[in-house]
Amino acid sequence: MKRDLVLSQVFRIVSYVVFSIILLMFVLVILGGIRYFSMSFFMEYPRNNMREGGIFPAILGSFYLMVLTFIVAVPLGVFTGVFLSEWENFFTKWIDVSLTSLSGIPSIVYGLFGLAFFCVALGFGTSMLAAALTLSLMTLPVIASATKETLKAIPVELREAAYALGATKIEVIFKVLIPAAKRGIVTAVLVGGGRALGETAPVLLTGAVFYSTFLPRSVFSPVMTLPTHIYYIMMAYGEKAQWMARATAAFLLIVVAIIYSLAFYLRRREHGRSH
Amino acid sequence: MDVVIEIVNFSAYYGDKQVVRDVSMKIFRNKITAIIGPSGCGKTTLLRSINRMNDHLPGFRVEGKIFFEGQDVYASNLDVTEYRKKVGMVFQKPTPFPMSVYDNVAFGPRIHGIRDKRLLDQIVENALRRAALWDEVKGELHKPATQLSGGQQQRLCIARALAVEPEVLLLDEPTSALDPISTQKIEMLLEELSEYYTIVIVTHNIAQAVRIADYIAFMYRGELIEYGPTRDIIERPKHKLTEEYLTGKIG
């Protein structure tokens, strides 16, 4: 009994420590940057060697890139997840294992692959498209696995009820299973999106531009993004531009935190409903 | 009397395990037929074989025949989805789809190609009325169906099955997850529905079978031991096993 009590105190303290570290990181990054927030920071282009102006093109670039990534990764990921869940056989198990290992590959490797395949072999050059495709490869396993897991968790009775009404397999999938799994899929999409938004290495190699005075005109234009912007500032400019890196980091962290909170909230509601 | 379903020397297997043994019986139009028997006697498998709900289970196979209005249900050229429109099913646990009350009932008609909004409204209302649920939900047709009570959910599932205008309604222990009052409502409902539909119900509740069924089939270890009008089965069981089951000696 006494040992249990001591142990539970140890666990409690450890979890508080971990929480404090995360909190500290949040507070330091956000406090370090938030004081530079202003209308012009969000609405203007960087000027005077990043000493003045704002990060408008990077915000828009990151946004475009995320939308483009979703356009590719969401349908592919959802369909893959559906296939893995609803047509289980030796072949799909094999795909499943490959997908799991995909999520373990370091992002720089994705970047190199994207550079070699999308930029060079397919001739897309350093472009938003090449970056989005590379990021899609990274988020696809997240969306596919989550879709599969959510579908698997749907009780068999629900499928049978739909079949008993004379529904075909395709109708069961699109009209019952996907609507039932909607929240789980949206959660996965958000998690994948949050990850894609913060990715630096793959974008750096495939689609990022250091500085741009115009917005991307097509999917073949390179883009500025929030994480690569921070990277470039830190690598190329000195103290004078540091404020912009801090402010950008704070903004990126806030956006990602909002996305993850939303995902967490949806997941919790999902669980709340099924119990 | 008019036979809707005829089961002839029907056996069902899961892999090597035989769960239904050489069953033959006729199911009559606009009657309630109850299949009773202890757990594992094959009654649910037999019921689910009627609308081919076991097809997707691994290792499932059948011998013998089931005819629906003279048509071989296991014939290779049978359009299963079309056939299932005629034979509705309600399950043990209520299975509302995660959508509104209205969309649940309209699900069947919609997948069978009905788009006209007014026609759908009409079908939904009729089905809910027949399932004795209309008065309780008419003001909240667009509420999520999962917010209804268990008993209401089960009646919703009945309404959903009725909306595709089946001829036969198969029910697999439809009240075993419900409280006594909801159970009573469903039993009364089934008696009303038997005026329009042929009803086959699997139940482990002997009293329920006696209350509502016109015919009782007693199964034991995969075999159909005895089948006949409810009164005959209850008052003059021919087989010793039937008597023992009814008096609670086996089960």
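Colleague: Is C41(B) buried or exposed?

Modeller: Keep in mind that this is a predicted model. A residue counts as buried when its relative accessible area is under 20%. The relative accessible area of C41(B) is 1%, so C41(B) is buried.

Colleague: What is C119(A), buried or exposed?

Modeller: The cut-off for buried is again under 20% relative accessible area. C119(A) has a value of 9%, and therefore C119(A) is buried.

Colleague: How many disulfides are there over all chains?

Modeller: A disulfide needs a pair of cysteine sulfur atoms within 2.5 Å. By this rule, the count over all chains is 0.

Colleague: Which elements make up chain A, and in what order do they run?

Modeller: Chain A has 11 helices and 2 strands. Read from the N terminus, the order of these elements is α-α-β-β-α-α-α-α-α-α-α-α-α.

Colleague: What share of the residues in chain A is buried?

Modeller: The C-alpha trace of chain A spans about 70 × 65 × 30 Å along its principal axes. The accessible surface of the chain comes to about 14500 Å², and 72% of it belongs to carbon and sulfur atoms. Of the 275 residues in chain A, the buried share is 43%.

Colleague: How far apart are the centres of the positive and negative side chains in chain A?

Modeller: Two sets have to be compared. Chain A carries 22 positive and 13 negative side chains. The distance between the centres of these sets is 7 Å.

Colleague: Which residues of chain A are in contact with F107(B)?

Modeller: Neighbours within four places in sequence are left aside here.

Colleague: Is T230(B) buried or exposed?

Modeller: T230(B) is found in helix α9 of chain B, which covers residues 230–235. Beyond four places in sequence, the residues in contact with T230(B) include A209(B), V210(B) and Y215(B). The relative accessible area of T230(B) is 9%, so T230(B) is buried.

Colleague: What separates the C-alpha atoms of V186(A) and V142(A)?

Modeller: V186(A) lies in helix α8 of chain A. With a relative accessible area of 37%, V186(A) is partly exposed. V186(A) and V142(A) are 44 residues apart along the chain, and their C-alpha atoms are separated by 11 Å.

Colleague: Which residues does F42(A) touch?

Modeller: F42(A) is placed in helix α2 of chain A, residues 39–43. F42(A) counts as partly exposed because its relative accessibility is 22%. Its C-alpha atom is 33 Å from that of S103(A), 61 residues away along the chain. Not counting residues up to four places away in sequence, F42(A) touches F37(A), F56(A), I59(A) and F251(A).

Definitions and conventions:
Residues numbered from 1 in each chain as written. Chains lettered and ligands numbered in written order. Predicted model: local features only at pLDDT ≥ 70, side-chain atom pairs only at ≥ 80, totals over all residues. Heavy atoms only, no water. Buried < 20%, exposed > 50% of the residue type's maximum accessible area, 1.4 Å probe, protein only. Helix = DSSP H or I, 4+ residues; strand = E, 2+ residues; numbered from the N terminus. Areas by Shrake-Rupley, 256 points an atom, 1.4 Å probe, with all protein chains shown as cover. Lys, Arg positive; Asp, Glu negative; His and termini not counted. Charge placed at Lys NZ, Arg CZ, Asp CG, Glu CD. Contact = heavy atoms within 4.5 Å.
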